[in-house]
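Biologist: I am new to this one. Please show me the structure, and then I will ask how you name things.

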Amino acid sequence: MKEQTLMVSTLILTATSFFTRTIGMISIVFLSHILGAEGIGIYELTMSVYTTAVAFASAGLSVSVSKLVAEELGRRAPHNIAKIMRIAFTFALSLSFLISILLFIGAPYLAMHIIHDSHASIGLRLLSISIPFISCSSCFKGYFYATKKTVFPASADIIEQIVKMGLILTLVQLYSPLGLSYAYGAIGLGLTIGEMTSWSYLGSLFILDRRKYHQAHNKENSIALESSTNLFIRLISILLPIASISYIAYVFMSIENILIPTGLKKFGNSFQESMGLYGMLKGMVLPILFFPSAFLTAFSTTLVPEIAKANVLKRKERVITTTNRVLQLTFILSILVVGIFVNYSNELGFAIYKNEAIGPMLCALSLVVPFIYIEVVTDGILKGLGKQMSCLKYSMLDSICRIILIYFLLPIKGMTAFMGIMMISCILTSTLNFNALLNTTHIKFQLTNWLLKPSLAAAAGGTFSRLIINRFFRYQFGLTTKVIIGISLTIIIYLVVLFIIECLSSEDLAWLKKHMPFLN
């Protein structure tokens with residue numbers, strides 16, 4: 001299989017991310033209609049406990065394997081890769097089995113004292129079975145990202161999401177009438193079988209790929225094999241800072257998720273109202289807010305091996321050029337998203353969830369979208385440059401500030417306080433990461449092209465699309481159709497204005513064409 005360039009890899013992951021997020025949105029909409037806002041709140045708390053366990057079992061594995069394999073390919077030492085994978089699998093299985101057993105045993109306690117709903121116990125126990133499969137899949141994905149075979153993990157994600165959605169939609173409909181325990185158990189079973197399917201698929205592809213490699217390269221000379229001890233130390237040195245960031249982030253996230261319903265209850269809401277508000281924000285608003293970031297998430301994933309390879313070969317100009325392009329793209333995309341959500345948040349909230357309370361939340365939080373998206377990208381670049389400790393430091397600071405503010409302010413101001421805390425948190429972490437990236441790469445912030453011109457174009461796109469909708473499509477179509485037309489018009493007008501004011505140019509198109517062979 002031919003190696004894809006950075007842009008082609010990103011396009012594959014972007015298409016996959018959009019598909020899987022769409023599937024995820026469909027599942028959430030379906031579950032919200034069956035479980036209600038309160039049930040979604042309990043579901044989100046259950047998933048928070050589960051993802052924390054997954055993070056302890058697999059955090060940093062994909063990135064660490066990807067970075068190590070990419071470095072060995074850059075040093076022309078491909079025969080070290082087999083050892084790297086064996087070490088990674090041994091480490092992943094040992095840790096994940098331990099975490100899986102602990103979650104299985106502790107599920108009843110966690111359901112009663114953390115989630116505050118004993119019905120979640122069966123779901124947690126079924127989810128615990130999936131953890132070893134997730135850890136091994138992370139190793140497979142890291143290998144394929146480094147070797148530029150991104151179509152393999154991308155297709156695995158698609159298969160996994162299709163299996164998960166199909167099973168959840170079927171099993172929840174069958175078993176939810178029997179009670180909430182059966183409903184959450186059905187969700188846990190569907191998610192676990194999806195992870196097992198993905199692991200089986202990736203494992204088969206990995207075995208086939210390694211066999212092809214040995215047949216093609218067994219007679220070639222390469223740099224001498226590195227000892228297992230040295231490779232393990234290298235793996236741990238990369239993994240520990242990344243894993244520490246995830247451990248801290250997920251532990252603090254769990255504490256935060258526990259404090260939010262408690263704080264809302266102290267504010268004066270009942271438990272049901274508190275879980276309902278929590279479910280709306282975490283389970284309904286945030287998935288919409290993060291949905292357009294699929295492209296940036298893909299970029300962040302493929303940037304780590306790309307920049308790691310350029311960095312180890314001391315190709316500073318390539319690092320700077322790639323980073324400049326990605327930052328420009330991030331600002332352009334994020335400001336477009338702000339323009340769309342500010343103008344169409346109420347319609348989107350009602351069209352998707354039939355809930356008028358979603359729109360105001362979405363509109364308010366959309367203002368910090370540029371900070372959220374910049375943080376996603378800068379985090380990936382900094383890790384590729386070996387600046388994991390900076391990410392850890394900023395993550396710790398952000399988490400501590402969030403928990404302190406939630407603990408003291410939520411009982412006083414309720415959901416208004418929490419939304420303000422989220423905005424402050426996004427701005428703080430994004431600014432710190434962005435400043436660290438500028439200092440590391442010596443890139444200059446381009447205020448006009450990155451911020452002012454896209455803002456002008458977004459204002460024009462939102463304003464004129466609204467005028468067109470109100471003038472020509474006010475009565476002809478239903479709400480969903482008008483939202484689709486309005487967003488499409490906003491995007492078209494936005495891109496046209498960007499070219500008119502020379503924020504995008506023929507040079508940018510040439511760069512895209514260079515990195516997309518199918519355009520030549």
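Modeller: Start with a contact. Leu61, Val63, Ser64, Val65, Lys67, Leu68, Glu71 and Glu72 in H2 meet Leu231, Arg234, Leu235, Ile238, Leu239 and Ile242 in H8. By class, that contact of H2 with H8 has nine nonpolar, one polar and four charged residues. This is a predicted model, where local features need pLDDT of at least 70, side-chain atom pairs count only at pLDDT 80 or more, and totals for chains, interfaces and linings use all residues. Residues are numbered from 1 along each chain as its sequence is written, and side-chain values use heavy atoms, with hydrogens and water left out.

Biologist: Why is H2 called oblique to H8?

Modeller: The axes of H2 (residues 61-74) and H8 (residues 228-267) come within 9 Å and cross at roughly 135 degrees. That makes H2 oblique to H8. Angles under 35 degrees count as roughly parallel, over 145 as roughly antiparallel, 65 to 115 as roughly perpendicular and the rest as oblique. Axes are lines fitted to C-alpha atoms, for helices over the stretch in contact, and angles run from 0 to 180 degrees between N-to-C directions.

Biologist: What makes H3 roughly antiparallel to H5?

Modeller: H3 (residues 80-113) and H5 pack at an angle of about 155 degrees, with axes 7 Å apart. The cut-off is over 145, so H3 is roughly antiparallel to H5. By class, their contact has 15 nonpolar, three polar and no charged residues.

Biologist: Which way does H3 pass H5, left-handed or right-handed?

Modeller: H3 passes H5 in a right-handed crossing. H2 also passes H5 in a right-handed crossing. A crossing is right-handed if the near helix is turned clockwise from the far one by less than a right angle, and left-handed if anticlockwise.

Biologist: How many cavities of 30 Å³ or more are there?

Modeller: The count comes to three. A cavity is a set of points on a 1 Å grid over the protein atoms alone where a 1.4 Å probe fits but cannot get out. About 40 Å³ of space lies in the second largest cavity.

Biologist: Which residues line the second largest cavity?

Modeller: Tyr43, Thr46, Met47, Gly123, Leu127, Tyr184, Ile187 and Gly188 line the second largest cavity. Lining residues have an atom within 4 Å of a point. The lining divides into five nonpolar, three polar and no charged.

Definitions and conventions:
Helices (H or I, at least four residues) and strands (E, at least two) are DSSP runs, numbered from the N terminus. Contact means heavy atoms within 4.5 Å. Ala, Val, Leu, Ile, Met, Phe, Trp, Tyr, Cys and Pro count as nonpolar, Asp, Glu, Lys and Arg as charged, and the others, Gly among them, as polar. On a 1 Å grid over the protein atoms alone, a cavity is a set of points where a 1.4 Å probe fits but cannot get out, and a pocket is an open set with protein on both sides within 12 Å along at least five of seven lines; lining residues have an atom within 4 Å of a point. Grid points are joined across faces, edges and corners, and a volume is the space filled by probe spheres set on the points.
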